[in-house]
Amino acid sequence: MSVVSRGFRGRARDALHQLPPGQYETTGFPVLSAGPTPTVPLDEWELTVRTETGAGRRWTWEQLLALPSETPTVDLHCVTKWSKFDTEWQGVSLDVLLQDVESSADYALVHSYGDYTTNIPVEDLLDGKAWIAHRYDGEALPPEHGGPARLLVPHLYFWKSAKWVREIVLMHEEERGFWETVGYHTYGDPWREQRYQGD
Amino acid sequence: MTPTPDFLDGNAAAGDLESLFGTDMTMASGQCHGCGKQMMLAETHAYLGGPGTVLRCPGCDGVLLRMVRSPHDMWLDASGLDHLRLPAPA
């Protein structure tokens with residue numbers, strides 16, 4: 001019974017796999033970087049959330065791992081046109097990290113170790129849509145894929161899932177990030193094929 | 001084991017640069033806004049294959065230039081360079 005049951009679920013899940021327009025499936029996990037891979041010792045790693053008033057919350061690595069985590073299985077869609085199905089992560093939901101943060105800001109600018117940034121509406125970070133991911137495929141997240149920890153926002157193009165996440169700044173006015181300031185779409189919904197400004 | 005560098009030298013961006021500037025830019029020289037280093041663009045560190053082309057300073061790793069090509073536009077931010085100097089056309 002259990003084999004039949006697993007097979008049935010597997011077919012059902014495959015049937016749900018759809019590629020957004022203009023995408024193709026890959027089974028690899030391409031590494032795309034706009035700069036050198038930072039080395040962040042775990043005893044120096046920290047994540048900060050800073051609000052529009054300047055107030056901040058900070059978590060060390062140990063504090064992050066002590067928070068309740070989730071294990072989302074999600075599809076990834078890169079703006080360079082590859083998609084990867086059923087990737088398995090472990091991380092802390094942004095709902096947990098932001099639950100005690102006093103803010104009425106609508107926008108976030110996410111900063112990485114290094115100089116990468118990307119902008120995301122706050123509502124796209126909440127309600128189970130985003131995580132600070134620290135494990136991938138059952139292992140510690142490797143540096144080339146954003147370890148020690150990266151943002152994971154799988155419903156948007158993957159450039160929004162900032163590797164090596166360091167700080168989330170909440171603000172009233174949207175401020176565009178590294179790729180958004182040179183032509184990429186401010187929001188980046190793969191299902192509406194929002195690759196570039198004007199799409 | 002030596003880690004594999006994740007960049008190429010600036011010559012790897014020659015095609016992208018020429019498509020934008022209309023001339024071979026690898027012998028153009030520039031100065032990093034961050035650290036002041038003078039260099040040929042061929043000496044920069046090029047990150048390719050992602051959403052766009054990024055050239056970084058071999059001295060401080062700061063961003064010198066970002067280029068993106070969309071179906072309709074080419075985008076350039078060269079604010080990481082204090083100046084660019086190109087050989088005059090013959």
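These legends cover views of the predicted model.

**View 1. Confidence in the predicted complex.** The predictor gives the complex an ipTM of 0.92 and a pTM of 0.92. Local features need pLDDT of at least 70 and side-chain atom pairs count only at pLDDT 80 or more, while totals for chains, interfaces and linings use all residues. Residues are numbered from 1 along each chain as its sequence is written, with chains lettered from A and ligands numbered from 1 in written order.

**View 2. The elements of chain B.** The C-alpha atoms of chain B fill a box of roughly 45 × 30 × 20 Å along the principal axes.

**View 3. The largest nonpolar core.** A nonpolar core joins buried Ala, Val, Leu, Ile, Met, Phe, Trp, Tyr and Cys residues through C-beta atoms within 7 Å. Buried means that 20 or more other C-beta atoms lie within 10 Å of a residue's own, with C-beta atoms placed from the backbone. The largest core has 57 residues; Val110(A), Trp131(A), Ile132(A), Ala133(A), Leu151(A) and Val165(A) touch the most other members. Strand S6 (residues 63–69) of chain B gives the most to this core, with 5 residues.

**View 4. Around Trp131(A).** Beyond neighbours within four places in sequence, contacts (C-beta atoms, placed from the backbone, within 7 Å) of Trp131(A) include Glu70(A), Pro72(A), Trp89(A) and Leu152(A).

Note on methods. Buried ≥ 20, exposed ≤ 12 C-beta atoms within 10 Å, placed from the backbone. Helix = DSSP H or I, 4+ residues; strand = E, 2+ residues; numbered from the N terminus. Contact = placed C-beta atoms within 7 Å.
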